[in-house]
Amino acid sequence: MKRVLIISPHFPPVNSADMHRVRQSLPYFREFGWEAVVITVKEEFVEAYSLDPLLLKTIPEDIVVHRVSAFEAQKTRKVGLGSLSMRSFFQMRKKGDELLSSQSFDLVFFSTTAFHVMALGPRWKRKFKVPFILDIQDPWRSDFYLDKPKSERPPKFLISYNIDKFLERRTVPYADGIISVSEGYCDTFIERYPGMTREQMEVITFGASDHDFQIARQHIHYSDKVSLPTDKINIVYIGRGGHDMQFALHIIFGAIQKGLQENPALFAKLHCWFIGTSYAPAGQGARTILPVAQSFGVGEMVTEIPDRIPYFETLYLLQQANLLLVPGSTDTAYTASKIYPYLLAEKPLLAVFYQGSSVVKVLHDTGVGVAVIFDHESRAASSYVDTCYAALCNLILSQTVPSKPDQAVMDQFMARTKTRQLVDFFNRITNS
């Protein structure tokens, strides 16, 4: 039995998108010949995310989890350091040193968007002769905002960008393997770091979990923060917002605006819900979607709740919605891993995505949902409004639950299959 040390600063009961690959893989590692040990951060030191104790029900009881502390954000923020990856870096290093010096591991696997801790990989490789793999779920050093006006950039963008640029350069080229959710991220690394090859990399998207929906149906019967009105056609999106989604939002709100003009009796019944759109601490998140709706004159039909909600409440609300909506990004390498819960919710689904996104292929392969496919590099958002309007009309008028995808097709997207792909890559790297 091989052993992998997994570094995941966010972990149940913390509700964070970047821990789901680890969480959903843990039940299957032993089946495929690997024993997993996890290092994470105690939940009391984690900011910005909600807690969902039900997530702990998805973790096998025999998994050893080491929870470390972190410097308190209230103190470190005074010197400009608020990110969890910076606050827990030394505690993670200490625990990793302890485990790697006293136990035998075949691999270290970093699966997180708290990127700074990935810089521990080269240190442990030198000191303990253990290879490491990075799981790139989002860009570490992102050049996306470099040509954007200051008003559209995240807070302290240039400071964060230069730190990320420095650490990525000192880490990524020394990784034994790269797992990515997007082919585009692999292409970026090959272009950015001469000597890296495609053979070192594997594209593995997140998996879907029927077990999660079973837990939601068993334990969640209402949401504390969101109550969908029964006299409306509720269109629900749960996930991050951001300026990179404005192109898709222009298409969507343009279509709703057109609907109010041409079919007011139908479109007046709509209400759009955008939930958990900010990563900021509760009560501090800025609304990035409602202002776009207001610019199209449809603000009264939109509720944006920046605060994140517990994971299993999101599954409950997806099942309560009349129609599900997923807007995509103009970042051409972006992939929405959250698409899988939308597929399993078995609700009418509209996705508005860049033509090169893996989401488009997933929807095509499963036959679930309707995709409005755009190319923002060659056409204006307004040119897609009619297509989106027609799709909305068909989905609203039909109001039928889509047929379930063929199980053989869906199996390729499930957590067990994705874990098998992950382990196959582990074996390839450790046997080379």
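This is a predicted model: local features need pLDDT of at least 70, side-chain atom pairs count only at pLDDT 80 or more; totals for chains, interfaces and linings use all residues.
## Helix α14

Helix α14 spans residues 358–366, and V359, V360, V362, L363 and T366 in this helix are buried. These residues lie on the same side of α14 because they cover an arc of only 165 degrees around the axis. The face turned away from that buried side carries K361 and H364, which are exposed.

At the start of α14, a side-chain oxygen of S357 comes within 3.1 Å of the backbone nitrogen of V359. Just after α14, G367 has a positive phi of about 75 degrees.

## Nonpolar cores

In general, nonpolar side chains of soluble globular proteins tend to be buried together. The largest nonpolar core in this model has 86 residues, and F253 and L350 touch the most other members of that core. Setting aside neighbours within four places in sequence, F253 is in contact with F274, I289, V292, A293, F296, V298 and V302. Another core, of 44 residues, lies apart from the largest one; I7, I39, F132 and I136 are among its residues.

## Cysteines

A disulfide is a covalent bond between the sulfur atoms of two cysteines. How many disulfides does the model have? The count is zero, with a disulfide taken as a pair of cysteine sulfur atoms within 2.5 Å.

C272 is buried, with a relative accessibility of 1%. C186 is also buried, at 0% relative accessibility.

The peptide bond from P12 to P13 is cis, and its omega is near 10 degrees. P13 sits in the loop between β1 (2–7) and α1 (20–25).

K129 has a phi of about 60 degrees and is found in the loop between α5 (120–128) and β5 (132–136). Is K129 buried or exposed? K129 is exposed, with a relative accessible area of 69%. E346 has a positive phi of about 55 degrees and lies in the loop between α13 and β12. With a relative accessible area of 29%, E346 is partly exposed.

Note on methods: Residues are numbered from 1 along each chain as its sequence is written. Side-chain values use heavy atoms; hydrogens and water are left out. Buried means under 20% relative accessible area, exposed over 50%, partly exposed in between (1.4 Å probe, protein chains only). Helices (H or I, at least four residues) and strands (E, at least two) are DSSP runs, numbered from the N terminus. The arc is that of the directions from the helix axis to the C-beta atoms. A polar contact is a pair of N or O atoms within 3.5 Å; within protein, one must be able to donate a hydrogen and the other to accept it, and residues adjacent in sequence count only if both atoms are side-chain atoms. A nonpolar core is a set of buried Ala, Val, Leu, Ile, Met, Phe, Trp, Tyr and Cys residues joined through side-chain atoms within 4.5 Å. Contact means heavy atoms within 4.5 Å.
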